[in-house]
Amino acid sequence: FDLYLGPSSAPADFLPWLANWYAMSFDTSWSETQRRAFLAEAYDLYARRGTRAALQRVLQIYTGARAEIVDQEADQDPFVFTVRLPMPANQVNRALIEQLIDMHKPAHASYRLLFAQG
């Protein structure tokens with residue numbers, strides 16, 4: 001049974017059950033590799049939830065690219081940060097990106113989501 005509890009050894013159809021431990025459900029677009037990567041790091045990601053590093057890592061697991069998160073621009077309102085992704089919006093599921101950001105951002109903050117032109 002212990003093999004079912006490890007993200008790297010659990011059968012693929014058991015991964016959604018493991019995700020429930022973190023109140024997470026996978027989007028159908030997530031590959032098995034992405035699901036296993038998230039679950040392998042879920043404890044650390046949730047322990048650092050609300051931090052720039054955790055949000056960057058979650059977005060990197062999903063997109064395969066590192067997001068730039070800026071929270072101290074001169075023209076930016078307090079408690080607003082900007083997430084810049086290095087790919088065009090048509091290459092990812094924007095709704096899922098927004099859901100991931102909403103789940104992993106500080107509760108009191110809002111954000112702007114920007115994509116690379118392409």
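In what order do the 3 strands of the open sheet stand? The order is 1-2-3, and the pairing is mixed, where strands count as paired if DSSP finds at least two bridges between them; strands (E, at least two residues) and helices (H or I, at least four residues) are DSSP runs numbered from the N terminus. This is a predicted model, in which local features need pLDDT of at least 70 and side-chain atom pairs count only at pLDDT 80 or more, while totals for chains, interfaces and linings use all residues. Residues are numbered from 1 along each chain as its sequence is written, and side-chain values use heavy atoms, with hydrogens and water left out.

Strand 1 (68-70) and strand 3 stand at the edges of the sheet, each with a single partner strand, so one side of each has no neighbour there. Strand 2 and strand 3 (residues 110-115) run parallel and are joined by 6 bridges. Along this pairing, valine 80 stands opposite serine 110, and phenylalanine 81 stands opposite tyrosine 111. Between strand 2 and strand 3 the chain passes through helix 4 (residues 94-104), in a β-α-β crossover that is right-handed, that is, clockwise from the first strand over the helix to the second when the strands point away from the viewer.

Helix 4 also packs on the sheet, where it touches strand 2 and strand 3 and makes about 145° with the direction of strand 3. Helix 3, in turn, lies across strand 1 and strand 2, running at about 150° to strand 1. Contact here means heavy atoms within 4.5 Å, and angles run from 0 to 180 degrees between N-to-C directions of axes fitted to C-alpha atoms, for helices over the stretch in contact.
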